[in-house]
Amino acid sequence: RLYQHPHISDQRCIGLYSSRRPIVPRDSGRMASTRQMRLILLLGSVREGRMCDRVAAYVQRKLENANHDVRVYDPKEKMFPMLYKPAHYYKPAEAHTKPQWLADAEQEFKDADGFVMISAEYNRSIPPALSNMISHFGSNVYKFKPFAVVTYSVGRFCGLHAGEQIVTMMNHLGATPVPPMLHIGAVAKSISEDGSLIDQTIDTGLNRLITYLSWYSGALRSQIETHGPPADGGVRK
């Protein structure tokens, strides 16, 4: 069920991200279990018969069981329109013209400690519903915050191309990728409709992802609170 990368030996789909081993303190697991995060969970599909509901249910349950506050942004429910004017394009004098739903969402993104993207892969690319939702906000809500990527597919390729492109997009917005990505192949045979696991090996990958996400969130927040953003100003107002 797990995709074997054709050019990397002994490397399974779960956790495939980089050939380098990221540096994390030995006690990162304890840190992850004690610090609560406020997270935005972004779903990437609105297509009929989508599989993201089962993946999102599994990921959300794991995050909440770890005592994290999770806000779900589902483009099928929140119905972001085709991008016309992103939140950060409104000048201070135009603030009163910003739609209330957009202002509320922007504030939730600003208040978040990190982001988790759950995405399928459409035509070797990011699903348009996800990129459209991300693009409604500028780097002022993403910069100096970690993000994690969970991709899936009904076949054996696990959404790898979409995952790589999400990393590129979010890097451009100033967010920091968490080194382990979780890629799930044959999703219908790996996770049931209610979000319970069929393939128990997936749990190891998600536990690791949550540990890293918590550590990066705490490290980045501590650095900003102690030293502020970089000298060039960092976050755009």
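Valine 150, in this predicted model, touches Val55, Val116, Met117, Ile118, Ser119, Leu182, Ile184 and Leu209, when residues up to four places away in sequence are not counted. Val150 also belongs to the largest nonpolar core, a set of 33 residues in which Val55, Val59, Val116, Ile118, Val150, Tyr152 and Ile184 touch the most other members. At least two residues of this core come from each of strand E1 (38-43), helix H2 (52-65), strand E3 (114-119), strand E4, strand E6 (182-184) and helix H9 (202-227), and H9 gives the most, with eight residues. Another core lies apart from this one and holds 27 residues, among them Phe109, Leu130, Tyr142 and Met170.

Strand E4 spans residues 146-152, and the loop between E4 and helix H7 (160-172) contains phenylalanine 157. Phe157 and isoleucine 184 are 27 residues apart in sequence, while their C-alpha atoms are 8.3 Å apart in space.

For the protein as a whole, the model has nine helices and six strands, and the following table collects overall values.

| Property of the protein | Value |
|---|---|
| Buried residues | 49% of the 237 residues |
| Contacts between residues 24 or more positions apart | 80% of the contacts with a separation of 6 or more |

Key. Residues numbered from 1 in each chain as written. Predicted model: local features only at pLDDT ≥ 70, side-chain atom pairs only at ≥ 80, totals over all residues. Heavy atoms only, no water. Helix = DSSP H or I, 4+ residues; strand = E, 2+ residues; numbered from the N terminus. Buried < 20%, exposed > 50% of the residue type's maximum accessible area, 1.4 Å probe, protein only. Contact = heavy atoms within 4.5 Å. Core = buried A, V, L, I, M, F, W, Y, C linked by side-chain atoms within 4.5 Å.
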